[in-house]
Amino acid sequence: MNEKKKKASFLTTEFYLAIFLVVVLLLLGVLAKDFYSINNMMSLLNTFSYILISAIGMNMIIITSNIDVSTGALISVVCLFTAALGKAGVPFAGLLPAAMLMGAALSTLNGLFITKMKIPAIVATLATTQIFQGVLPLLVEGSIYDLPQSFTWLAFEAKIFGIIPASVLICLIVTVIALIFMKYSKFSKKIYAIGNNANGARLAGVNVNRTVVITYAIAGALFGISAIIIATAGQRVTNTMGTGLEMTFIAAVVLGGTSTAGGSGKIIGTVIGAFILAMIAPAINYLGISPNWSDAVKGAIIIISVVVSGAKYLKKKRVIPAEKLAKAGGEAS
Amino acid sequence: MGQTILELHDIVKTFPGVLALNGINFNLQGGEIHAICGENGAGKSTLMKVVCGVHEADSGTMVVNGKQENFSNPMEAYEKGVSIIFQETSLFEEMTVLDNLFLGHEKTKKAGIIKVLDYGGMRKEAEKIFQRLNTKINLDAQIKTLGMAQKQMVEIAKALTFDANIIIFDEPTASLTQREVTALFKIINDLKASGLGIVYISHRMEEIFELCDRVTVVRDGQYISTKNIAETNKDELVADMVGRKMGSYYPKSETAIGEEIFRVEGYYDEGFLENISFNVKKGEILGFAGLAGAGRTELMESICGFTGRAAGTVWLEGKRLHIKNYKDAMANGIVYVSEDRGKYGLIVDMSIQQNISLPQLENFKKGPGFLDVKKESDKGAEYIKEVGIKAPAPDFLVANLSGGNQQKVSVSKALAMNPKLLILDEPTRGVDVNAKAEIHKIISELTQKGLTIIMISSELPELIGMCDRIYVMKDGYIAGSFDRENVTQEKILTVALESKKEKQEG
Amino acid sequence: MKKKLLKFSFNKALFLIWLIIFFGIAIKSPSFLTAPYIINVMLRNIVEIGMVALPMTLIIITGGIDLSVGNTMILSAMLGGIAYTRWGTAAAILVTLLTGAACGLLNGIIIAKAKISAMVTTLATMYLFLGLARGISKGDSIYSYGFAEFLGNISISGLPIQIWLYIILAVIFTLLLGKSIFGRKLYGIGLNINATKYSGVNTDRMLILIYTLCGIICAIAAFIFLGRFTSVKYDAGTSFNLKVITIVVLGGTSIMGGVGDMKGTILGTLIIATLNSGLTVMNIPIDVQTIVQGIVLIIALIACAVVTERSKKKRIIKVDTGEGIKSETA
């Protein structure tokens with residue numbers, strides 16, 4: 001039985017992705033040696049960190065069969081919020097929890113719209129995107145600048161062994177907690193159950209609405225952490241720092257094998273997906289291709305990976321005859 | 001029989017505008033299997049949903065294991081020992097068997113200061129339960145990889161993880177093969193022997209008489225009767241369910257059978273169908289019997305061009321056909337009515353007339369592609385009258401019709417295409433006794449008008465009552481055929497079952 | 001029937017909302033209520049978005065979505081502009097339309113044939129089209145040319161040509177969705193794609209068709225967009241996608257598919273156009289306008305949710321009448 005299980009769980013999307021990643025990394029070693037320079041590696045890891053932290057949150061949301069397209073705008077808001085605190089001299093130890101709280105609060109708003117008002121997630125978050133985006137310039141005009149050293153501490157001073165950015169450590173901690181959480185917590189089972197069959201989950205005693213709202217809150221806290229990493233990278237924080245990032249996060253999750261239909265998906269896939277997305281821009285750069293092509297490559301990689309994994313599924317479908325359940329249509333209850 | 005473990009008194013439940021249950025009484029004893037039967041919409045499922053906390057009753061009392069209870073959700077019911085196994089499984093397809101068994105009541109253990117899931121403990125208990133059920137299932141398999149029967153085992157195991165002493169089965173055999181049904185009955189009997197009380201909801205008389213100890217009949221949300229199985233018979237139960245004695249079940253009228261109209265030769269589809277040949281004569285009703293999964297639906301869908309990959313030759317009125325898709329089939333006068341109304345047959349959120357016109361919108365064209373709504377409405381009205389659909393107007397939403405009337409819309413949709421050959425797949429599945437008789441009458445009348453019909457059905461009495469000839473399918477090939485004069489249920493079952501055994505032994 | 005009635009009342013409500021906004025703004029600032037302002041500011045600024053919202057409605061009716069429309073538009077405009085500098089106007093027109101059609105076709109084929117969800121597909125192609133536009137233009141602006149300027153700026157009998165174009169397209173799409181065989185099939189796909197397939201409708205082809213159609217309309221919008229702004233950069237279409245979807249959803253089309261109509265989309269377009277221009281004329285900063293737009297969308301969504309909830313309740317009562325008929329005859 002154990003052997004069977006191994007065989008079944010061996011050839012997953014994550015596995016193929018990992019192989020793809022290894023091949024690309026080896027090729028880069030041959031074709032673009034500078035890719036492995038310390039500087040590039042460290043900046044890549046920093047990008048990877050904030051993509052992954054948010055993608056883990058997005059993954060949880062997508063597993064519940066919802067989505068969040070407001071993340072970019074939300075991160076922009078949190079960036080400005082923390083910059084305002086930073087300007088007032090609040091140190092990192094205060095900024096981090098503040099960012100997480102702010103992210104969680106805004107994201108909870110999304111969750112409430114979706115559950116209480118019964119609005120499909122994509123349109124609800126579409127609406128909140130506009131609200132977040134509109135609020136931003138009201139908070140500050142353009143940007144907050146001349147931020148003190150205490151604010152940029154994370155990006156410039158907090159280095160592990162003097163070189164590795166501290167964001168990597170944060171990311172590592174978040175990932176390990178997420179892995180444990182998704183495997184060993186009761187809550188994670190509820191998330192998967194809702195994504196599989198919300199009605200069934202309700203019948204099994206899961207408070208679906210509350211679980212979804214909490215999931216959004218957790219994801220929001222993670223978005224807050226990403227925001228802090230993004231915001232502290234310089235002495236100036238503008239009101240477009242997160243613009244468009246939601247698509248990168250969703251892409252990382254989808255690339256990592258999570259179905260947007262919900263109910264399935266693993267953290268480990270998201271890790272690989274996030275790494276591939278973080279890697280594209282520098283890889284292209286070191287291969288001597290114009291950085292203008294990075295988005296096209298990103299798009300092509302996502303299309304190819306979903307079509308290939310979809311094709312696998314189609315094939316499977318062909319051999320297993322569609323199950324035809326007897327359905328007593330027309331009963332009211 | 002043991003003591004009473006579940007008692008319902010005067011249960012009343014209303015939905016906005018509907019009185020679903022009106023004073024239902026029921027009691028269940030430990031160590032008995034108690035059937036609840038009634039027509040579709042009689043309130044059986046609603047009653048059980050009240051018992052297990054999906055719905056809350058408006059009034060009435062429920063006593064479970066000696067204590068008065070009122071569950072507000074199924075979890076509460078589970079914890080008090082009441083488990084239900086729903087008609088359509090409520091399992092989580094992407095999750096593993098183990099996750100499903102303990103969902104909502106996972107075992108935890110302490111790891112330092114936090115509580116984590118205790119996979120070891122859950123695994124041990126799950127293994128014990130499957131041992132008790134005498135079934136082997138890979139606990140790490142995803143539900144979507146399991147067959148229907150295995151899924152049901154998981155549901156039963158799930159009930160046992162709660163230490164349930166009352167288990168409710170809601171039409172558990174609807175999608176099982178005969179062999180799986182036999183295995184399921186053994187397990188239900190074992191559970192009964194160990195003192196559990198079983199509520200068994202079913203349409204199928206044969207099953208009720210084979211399995212159950214007592215039977216309670218409900219009709220239109222009202223309690224009708226409770227009887228010992230040993231002291232009643234099928235006719236009596238049907239009379240209770242319908243409220244009057246049923247006359248002839250199957251009004252097959254004698255029709256003149258003409259020349260051969262349709263012939264299939266050497267039909268083959270790898271993995272599904274093997275070397276199938278058959279023919280139909282004008283005005284004939286040709287039946288296809290077989291167990292679930294024998295390939296009957298696959299054969300018909302393949303002939304109609306839904307799969308588009310089979311080999312073999314098909315002749316209609318002496319002309320060889322090359323059907324690439326369903327449109328080709330329809331153009332040649334071959335029309336298929338799916339077994340699954342809600343999923344493939346009808347768009348329930350559209351009106352009757354819109355459903356009827358959908359397959360032949362080109363015939364309702366006005367000008368450069370506009371829709372002739374007047375013509376559509378007339379057509380709808382025509383069929384409401386002709387087929388006897390009980391609806392106030394042709395623009396009435398199909399979702400608001402009863403199952404039987406929905407099926408009549410399905411048939412109308414096919415008839416509106418003026419078919420030469422009509423293929424009906426389980427035409428009376430999920431419709432109540434009255435509607436069933438009406439549909440049989442319609443089928444009979446159609447053949448008198450010269451239409452040729454192929455009918456797939458899992459109900460042998462229906463096939464035997466209605467068909468001129470019956471083919472029996474088995475594992476994708478035709479295992480036997482019978483004429484109307486010399487067919488019996490036993491003969492069909494022998495063919496459908498025995499070759500399976502041979503194959504397994506060989 | 002009941003559904004139509006409800007739908008109708010939702011459109012009525014939208015119309016009422018529009019009237020209130022329109023006259024509310026007109027009373028506050030009379031300069032709004034002048035023909036040149038309404039034509040040149042209110043209507044011209046929404047034309048491209050409104051135009052693309054028309055085929056987007058078809059797509060959302062089938063239960064799909066297209067997140068790549070803005071990028072399709074920009075890519076078409078850019079390739080057209082580049083073609084103009086090399087081969088002249090005819091080539092520019094051809095290349096623009098072909099690019100739009102090709103982008104839509106790609107979406108349609110992946111969605112219909114590879115069975116990938118529309119959201120994932122168009123999310124990926126959004127990146128792809130954005131990236132292609134960026135790569136091909138090397139990040140530089142592409143400039144307008146004669147034909148695009150003509151479509152972007154010429155007036156015919158007092159109305160800019162693009163508004164005429166919009167009106168023509170709006171009429172065609174309203175008839176297409178509401179009155180034609182084609183439209184009926186789209187509703188069928190949105191309500192139950194399996195049953196539609198089992199009625200002999202080639203659903204794959206239908207899907208490919210509407211996504212391609214959407215791409216072509218994006219290309220037409222591309223001429224106007226380029227002509228109006230005289231130059232475009234690769235990222236000009238990014239916020240466009242969500243704006244188009246906002247309008248369609250505001251118009252009462254359910255994102256789940258099967259419910260909605262073209263009139264709602266047109267009303268949604270008018271509401272957003274009036275809001276944008278009206279708030280501008282009242283000197284309200286653009287950011288507040290974004291917030292207002294978001295709030296209007298949320299209100300519309302809640303209203304729509306309430307309406308569907310009610311219709312569900314109605315349905316249960318209906319079942320009762322159905323049963324009544326049954327027991328009568330039994």
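Me: Is C:Ser76 buried or exposed?
Reply: C:Ser76 is buried, because 32 other C-beta atoms lie within 10 Å. A residue is buried if 20 or more other C-beta atoms lie within 10 Å of its own, exposed if 12 or fewer, and partly exposed in between, with C-beta atoms placed from the backbone.

Me: Before I go on, what kind of model is this, and how are things numbered?
Reply: This is a predicted model, in which local features need pLDDT of at least 70 and side-chain atom pairs count only at pLDDT 80 or more, while totals for chains, interfaces and linings use all residues. Residues are numbered from 1 along each chain as its sequence is written, and chains are lettered from A and ligands numbered from 1 in the order in which they are written.

Me: Back to C:Ser76. Which helix is it in?
Reply: C:Ser76 is in α4 of chain C, residues 69-87. Helices (H or I, at least four residues) and strands (E, at least two) are DSSP runs, numbered from the N terminus.

Me: Which residues does C:Ser76 touch?
Reply: Leaving out residues up to four places away in sequence, C:Ser76 touches C:Thr96, C:Thr99, C:Gly100, C:Cys218, C:Ala219 and C:Ala222. Two residues are in contact if their C-beta atoms, placed from the backbone, lie within 7 Å.

Me: And where is C:Asn192 relative to C:Ser76?
Reply: Their C-alpha atoms are separated by 34 Å, and the two are 116 residues apart along the chain.

Me: Still in chain C: how do α2 and α13 cross?
Reply: The axes of α2(C), residues 35-43, and α13(C), residues 262-281, come within 9 Å and cross at roughly 105°. The two helices are therefore roughly perpendicular to each other. Axes are lines fitted to C-alpha atoms, for helices over the stretch in contact, and angles run from 0 to 180 degrees between N-to-C directions. Angles under 35 degrees count as roughly parallel, over 145 as roughly antiparallel, 65 to 115 as roughly perpendicular and the rest as oblique.

Me: Which residues meet there?
Reply: From α2(C) they are C:Val41, C:Met42 and C:Leu43, and from α13(C) they are C:Ala273, C:Thr274 and C:Ser277. That contact has 4 nonpolar, 2 polar and no charged residues. Ala, Val, Leu, Ile, Met, Phe, Trp, Tyr, Cys and Pro count as nonpolar, Asp, Glu, Lys and Arg as charged, and the others, Gly among them, as polar.

Me: How many residues does chain C put into its contact with chain A?
Reply: Chain C gives 40 residues and chain A gives 43. On the chain C side, α14(C) gives the most, with 14 residues. By class, that side has 26 nonpolar, 10 polar and 4 charged residues.

Me: What is chain A built from?
Reply: Chain A has 14 helices and 4 strands. Of its 333 residues, 53% count as buried.

Me: Now chain B. Which domains is it divided into?
Reply: Domain 1 covers 4-242, and domain 2 covers 260-347 + 421-505. Such bounds come from an automatic or database domain assignment. The C-alpha centres of the two domains in chain B lie 34 Å apart.

Me: What is the strand order in the sheet with β6?
Reply: The order is β6-β9-β10-β3-β11-β12 (chain B), an open sheet of 6 strands with mixed pairing. Its edge strands are β6 (82-85) and β12 (222-228), each pairing on one side only. Two strands pair if DSSP finds at least two bridges between them. In this sheet, β9(B) and β10(B) pair in the parallel sense over 5 bridges, with B:Ile167 opposite B:Ile198.

Me: What about the sheet that has β18?
Reply: That open sheet also lists 6 strands, in the order β18-β21-β22-β15-β23-β24 (chain B), with mixed pairing. Here β18 and β24 (477-483) stand at the edges with a single partner strand each, so one side of each is left without a neighbour in the sheet.

Me: Which strand does β18(B) pair with in the parallel sense?
Reply: β18(B) pairs with β21(B), residues 421-425, over 4 bridges. The bridge partner of B:Ile334 in β21(B) is B:Leu421, and B:Leu421 stands opposite B:Thr452 in β22(B).

Me: Which residues of β18(B) are buried on each side?
Reply: B:Ile334 and B:Tyr336 are buried on one side, and B:Val335 and B:Val337 on the other. In a regular strand the side chains alternate between the two faces of the sheet.
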